[in-house]
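Subject: Handover of a structure

Dear colleague,

Please find below the structure that I am handing over to you. My notes on what was found in it follow directly after.

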Amino acid sequence: MNKNNGSSMTDFILLGFSDRPQLEHIISGVVFIFYIVTLVGNTTIILVSNLDSQLHTPMYFFLSNLSFLDLCYATSIIPQMLVNLWGPTKSITYGGCVLQFFFALDLGATECLLLAVMAYDRYAAVCQPLHYTVIMHPQLCQKMVLVAWLGGLGSALILCSLTLKLPRCGHREVDNFFCEMPALLKMACVYSKVIEVIVYALGVIFLLVPLLLILISYAVITQAVMRIKSTARWSRVLNTCGSHLTVVTLFYGTLIYMYMKPQNSTSQDEGKFFTLFYTIVTPTLNPLIYTLRNKDVKSAVNRILCAEKWSAKS
């Protein structure tokens, strides 16, 4: 099969799952459904968090940022992936590849920091309930979110500039379904120890350190929960914290496996599966996890729908 399909020499070829053409239609159908759920679910959380006054709290401020981030993350990858799966060509322009690479790094790193911020928010809510509104005041929440976004931006600029300077010796085939760093590094015809060290250092900063802070937060939360005598409050704490822990496990687990292991120790097919999981499955599951396990969100949706019905009748 001619993988170039008439694309110009400046284009990259996203191999994706072209070695398994019988699976491409199945994968494209599943990815399309996941993308629709991602759009609907995350948009719903953003709208509900802003429209319902009872959800104007730090937790839902962070959650709406997470939903916006997941919308951007999925949209930077999935539309191009579907075009390549459905169309005759597998190509992406050099500019499109650079943008996809940059936004994937930026949004992925931002989410790592944002999940750690959300864990601190849960710690303050459970362990310092009387001082929660003082600790998590709006200015602090905004600054924490800003730091997360700027941190992701900074790491993306560093890694993008270094990776794109590597000589490719005419190599144009990206052995993945989008322009991700491990696949782009494998295209290079030289080995860069500097980039490997920087990737590992940033992996510690954006993956291991936030994960450690999250685990410490939840260890303290667990101790506090064990002392709660109210069954209703105990159940409520486990409900909100359990949702966040589920997201953390799904996101950090797959990312650490991909980025903190030596690149040669992961097979390409295995890498594609894990990449598919944290780029497509996780943004879809996030709104489902938070809405299905969270009575506040479901109650808010019901209140908004009831208000719309009453306004329509009047």
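Helix 5 passes helix 7 in a left-handed crossing (a crossing is left-handed if the near helix is turned anticlockwise from the far one by less than a right angle, and right-handed if clockwise). Helices here are DSSP runs of H or I with at least four residues, strands are runs of E with at least two, and both are numbered from the N terminus. Axes are lines fitted to C-alpha atoms, for helices over the stretch in contact, and angles run from 0 to 180 degrees between N-to-C directions. On the side of helix 5, the contact (heavy atoms within 4.5 Å) includes Gly 151, Gly 152 and Ser 155, while helix 7 contributes Ile 195, Ile 198, Val 199, Leu 202 and Phe 206. Eight residues of this contact are nonpolar, four are polar and none is charged. Ala, Val, Leu, Ile, Met, Phe, Trp, Tyr, Cys and Pro count as nonpolar, Asp, Glu, Lys and Arg as charged, and the others, Gly among them, as polar.

Please note that this is a predicted model: local features need pLDDT of at least 70 and side-chain atom pairs pLDDT 80 or more, while totals for chains, interfaces and linings use all residues. Residues are numbered from 1 along each chain as its sequence is written, and side-chain values use heavy atoms, with hydrogens and water left out.

Helix 3 (residues 94-127) also packs against helix 5, at an angle of about 145 degrees and with the axes 8 Å apart. That crossing, of helix 3 past helix 5, is right-handed. Its contact residues comprise 22 nonpolar, five polar and one charged.

The axes of helix 1 and helix 2 come within 9 Å and cross at roughly 155 degrees. Helix 1 and helix 2 are therefore roughly antiparallel, and their crossing is left-handed.

Two salt bridges are present (a side-chain nitrogen of Lys or Arg within 4 Å of a carboxyl oxygen of Asp or Glu). Lys 90 forms one with Glu 24, the closest N and O atoms being 3.1 Å apart.

Yours sincerely

Methods. Parallel < 35°, antiparallel > 145°, perpendicular 65-115°, else oblique.
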